[in-house]
Amino acid sequence: MAIQGLSVLLITPISSAAKHFEEQGLNFNPPNTFLGAKLSTQLSNLSLVASKRRSYAVATISFSLPNTKTEGLNTDKKAKWSARSIKSFAMGELEARKLKYPNTGTEALLMGILVEGTSLAAKFLRENGITLFKVRDEIVRLIGKSDMYFFSPEHPPLPEPAQKALDWAVEEKLKSGESGEITVTHILLGIWSQKESAGYKILAGFGFDDTKAAELAKNMDKDTISSSK
């Protein structure tokens, strides 16, 4: 059909055409046109770039976490961080940046646990009335707001209490002699071990205590518990 000397070409998406032919019981093999080949190449390149960015992000976050140190421990074993603990740490960094804080403190690690939300530790906190919104409000009340013109670094560094909390998580895992990974519960109990930290004060203010810590520690080597039928 021509309108004022211009040709109108209707193009059916290849995926739709393929579906139509399959419904008719026919094979659909579109020719490897220049346009199709170009689109396929571009999509492949985008997928590769996205994959590399995800790998880079995970590698950067893992690098930010403390190594599985064995200082003072008579063991050759090594432990690694669980996927949920890595994600919790990454979410903690992000929450610190949202609040424009210069560091990823124990309070940010606590928020990261709640943002990730699927771990045994996060569920335990919520069951005891400790939610992300309550924690965030308490952080602002306790620490205050940052200057609106301040921009946090991409990976806010760990202050001493947060570093010690993560070191505690590593050391407790290695001392246990158990196989498995360093879990989100290790991180939460590491925060609790730092009695002068903001994270500890916030947890204590919401009723978390040594009794609850001991209860949580019973499943310290697990990020989730499978429900038995």
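A search of the whole structure, which is a predicted model, turns up 3 aromatic pairs (rings of Phe, Tyr and Trp, the last by its six-membered ring, pair if their centres lie within 6.5 Å; planes under 30 degrees apart count as stacked, over 60 as edge-to-face and the rest as tilted). In one of them, the ring centres of F124 and F208 sit 6.4 Å apart with planes at 85°, so this pair is edge-to-face. F124 belongs to helix α5 and F208 to the loop between α9 and α10, so the pair ties together parts 84 residues apart in sequence (helices are DSSP runs of H or I, at least four residues, numbered from the N terminus). F124 counts as buried at 9% relative accessibility, and F208 does too at 3% (buried means under 20% relative accessible area, exposed over 50%, partly exposed in between, with a 1.4 Å probe and protein chains only).

F208 also pairs edge-to-face with W192, at 5.0 Å centre to centre and 75° between the planes. W192 lies in helix α8, so here the tied parts are 16 residues apart in sequence. Ring pairs link F124, W192, Y200 and F208 into a cluster.

W192 and Y200 turn up again where two helices meet. Helix α8 (residues 184-193) packs against helix α9 (residues 198-205) at about 95°, with the axes 7 Å apart (axes are lines fitted to C-alpha atoms over the stretch in contact, and angles run from 0 to 180 degrees between N-to-C directions). That makes α8 roughly perpendicular to α9, a label for angles of 65 to 115 degrees. From α8 come L188, I191 and W192, which meet G199, Y200, L203 and A204 of α9 (contact means heavy atoms within 4.5 Å).

I113 sits in α4 (residues 106-116) and is buried, at 0% relative accessible area. Beyond four places in sequence, the contacts of I113 include S88, L125, L188 and I191.

Residues are numbered from 1 along each chain as its sequence is written, and side-chain values use heavy atoms, with hydrogens and water left out. Because the model is predicted, local features need pLDDT of at least 70 and side-chain atom pairs count only at pLDDT 80 or more, while totals for chains, interfaces and linings use all residues.

Technical notes:
Parallel < 35°, antiparallel > 145°, perpendicular 65-115°, else oblique.
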